[in-house]
Amino acid sequence: MSESESALTENESAPSDTEEITYQAVEKDGVVTAIWEMKGRKHLRTIDPRSRQGREILNLYTTEEVDHPASEAAATS
């Protein structure tokens, strides 16, 4: 394999830097148990929904009608 073929393969398989970061809530029995930070299809990290950052993310991406027992329990602890 030549160098130009190798470089082409690396460029094709490299993820795009333009992909935005998204958050996915992981629920069990209606309770958010984790928040996944994703870039495209790649999992970057897991955020605890009871942490300060987890509560902020849940507050940004939810409506007032939805109850989040995990974030409420963390706020009272």
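A polar contact is a pair of N or O atoms within 3.5 Å; within protein, one must be able to donate a hydrogen and the other to accept it. In this predicted model, such a contact of 3.0 Å joins the side chains of Glu37 and Tyr23. Glu37 belongs to strand β2, and β2 is part of an open sheet of 3 strands. The points below start with that sheet and then turn to two of its residues.

**The sheet**
- The strands run in the order β1-β2-β3, and their pairing is antiparallel.
- β1 and β3 are the edge strands, and each of them pairs on one side only.
- On average, neighbouring strands of this sheet are turned by 30° against each other, direction ignored.
- β1 spans residues 21–28, β2 spans residues 31–39, and β3 covers 42–47.
- In general, strands of a sheet pair through backbone hydrogen bonds.

**Pairing of β1 with β2**
- These two strands, β1 and β2, pair in the antiparallel sense over 8 bridges.
- Tyr23 has Glu37 in β2 as its bridge partner.
- The hairpin of β1 and β2 has 2 residues between the strands.
- Asp29 in this hairpin takes a positive phi near 55°.

**Pairing of β2 with β3**
- Here β2 and β3 pair in the antiparallel sense over 5 bridges.
- Glu37 has Arg45 in β3 as its bridge partner.
- Met38 stands opposite His43 in β3.
- β2 and β3 also form a hairpin, with 2 residues between them.
- Gly40, in the turn of that hairpin, has a positive phi of about 70°.

**Glu37, in strand β2**
- Is Glu37 buried or exposed? Its relative accessible area is 9%, and buried means under 20%, so Glu37 counts as buried.
- Tyr23 is both the bridge partner of Glu37 and joined to Glu37 by the side-chain polar contact of 3.0 Å.
- Leaving aside neighbours within four places in sequence, Glu37 is in contact with Ile21, Thr22, Tyr23, Lys42, His43, Leu44, Arg45 and Ile47.

**Ile21, in strand β1**
- Ile21 is found in β1.
- Its relative accessibility is 43%, which lies between the limits of 20% and 50%, so Ile21 counts as partly exposed.
- Not counting residues up to four places away in sequence, Ile21 touches Glu37, Met38 and Leu44.
- Which distance separates the C-alpha atoms of Ile21 and Lys39? They are 18 residues apart along the chain, and the separation is 4.6 Å.

How values were computed
Residues are numbered from 1 along each chain as its sequence is written. This is a predicted model: local features need pLDDT of at least 70, side-chain atom pairs count only at pLDDT 80 or more; totals for chains, interfaces and linings use all residues. Side-chain values use heavy atoms; hydrogens and water are left out. Helices (H or I, at least four residues) and strands (E, at least two) are DSSP runs, numbered from the N terminus. Buried means under 20% relative accessible area, exposed over 50%, partly exposed in between (1.4 Å probe, protein chains only). Contact means heavy atoms within 4.5 Å. Two strands pair if DSSP finds at least two bridges between them. Axes are lines fitted to C-alpha atoms, for helices over the stretch in contact, and angles run from 0 to 180 degrees between N-to-C directions.
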